[in-house]
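Let's see how the inside of this protein is packed. Have a look at the structure first, then read on.

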Amino acid sequence: MRKHLALVTAAAALVAAGATAYAATPGPAGAADKPLAGLRILISNDDSMQAAKTSNSDGLGLYELRRAMCAAGADVVVMAPWQVQSGKGTAVTNGGVVTAQRRTDLPAGYEGDCSGAPAQGAVFGVCLSAGPCGKDTPSATPADTVKLALRGGLRAKAGWKEAPDLVLTGINSGPNVSASVNDSGTVGAAVAAIDQGVPAIAFSSSGDDSAVYFPRGNYRAGAEFGARLVAGLRARSLLTPDFALKVDYPDVSAGQRAESPVWTRVGDAAVVYHAFEQRGTGDQFDIALGLCGQEDSDLDECTEGRADADSTWLLDKGHVTVAPITWDRTYGTPVDARRTLNRVEQYVRHEAPRP
């Protein structure tokens, strides 16, 4: 298995006020070059909205996703964690105060991406503080940011009186596949959205072969594919809150072409696992991330048992992978919305855009 470090991101949130059931706005999207015109999109992630690291691992993918959606005509607002919250899953904050602070000095090259949209692509970082968010201020989780947005944040900060038509999370720095999906804040934030009846898609991107660098080109290719995917789903009235979609984009940084989208299941093995090493005979344990396919590749948890696993099709075969995700972890529960699920599967298999 190729080297791809992927420990995910996570989220969950605070803020009370009543929850409302929301439905996506279907229908035609206007001009052919603006297929998402009229669609209101909330974007969040678990990598933060900082985009300051040279590794591109702290939110650059979010700005590429924002760029692509605005270019396709969408009205976008970003509410994302103030600090990196990778691996937080569906964690939420149960008390205290959050601050949604607008960012005005956007990363270079992204300043005017949404200038023609009503909300102008406003970007808010959410921290756990009763005052301004500072360099070291603790962050809200990914799920926190989505819950805040849907339970009053968008109304207060962006003037949206109704819920967005769609929530997008990511683009995550590293794939969210196999066992890592349970830890992913990117996926956790999407689950928080469908919990509130809003359609959601979680996007992730592979890094290069170093496993620690995430090329801008990978994010851009994934974002542009994502805009076309959303347009196709919207045109077919397949943006549904019954389940979320998880989309992972392969590494194309060496000039290789991404292979066609594949409908997958979440794999039952690990790609990255947590390792704990005791310090001498004391009470302390160092936490490290192990990567399957290296020295410990014989671990049982690294052995994939599903032929249609997301990790196999993404990492080994270079395909874009799509998998449905729900909030319901009850084993053996009958699948709801089977007809819609089948239609989305058929769209991905036969009609979805090619990279």
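Predicted model: local features only at pLDDT ≥ 70, side-chain atom pairs only at ≥ 80, totals over all residues.

Residues are numbered from 1 along each chain as its sequence is written, and side-chain values use heavy atoms, leaving out hydrogens and water.

A nonpolar core is a set of buried Ala, Val, Leu, Ile, Met, Phe, Trp, Tyr and Cys residues joined through side-chain atoms within 4.5 Å; buried means under 20% relative accessible area, with a 1.4 Å probe and protein chains only. The largest one here has 54 residues, and Met69 is one of those with the most contacts inside it. Helix H4 gives the largest share of this core, eight residues. There's also a second, separate core of 33 residues, including Val126 and Leu148.

Now for the helices, which are DSSP runs (H or I, at least four residues) numbered from the N terminus. Axes are lines fitted to C-alpha atoms over the stretch in contact (heavy atoms within 4.5 Å), and angles run from 0 to 180 degrees between N-to-C directions.

| Pair | Angle | Axes |
|---|---|---|
| H1 (residues 60-71) and H4 | roughly 40° | within 8 Å |
| H2 (residues 142-158) and H3 (residues 185-195) | about 25° | 8 Å apart |

Angles under 35 degrees count as roughly parallel, over 145 as roughly antiparallel, 65 to 115 as roughly perpendicular and the rest as oblique. So H1 is oblique to H4, while H2 and H3 are roughly parallel to each other.

Technical notes: Buried < 20%, exposed > 50% of the residue type's maximum accessible area, 1.4 Å probe, protein only. Helix = DSSP H or I, 4+ residues; strand = E, 2+ residues; numbered from the N terminus.
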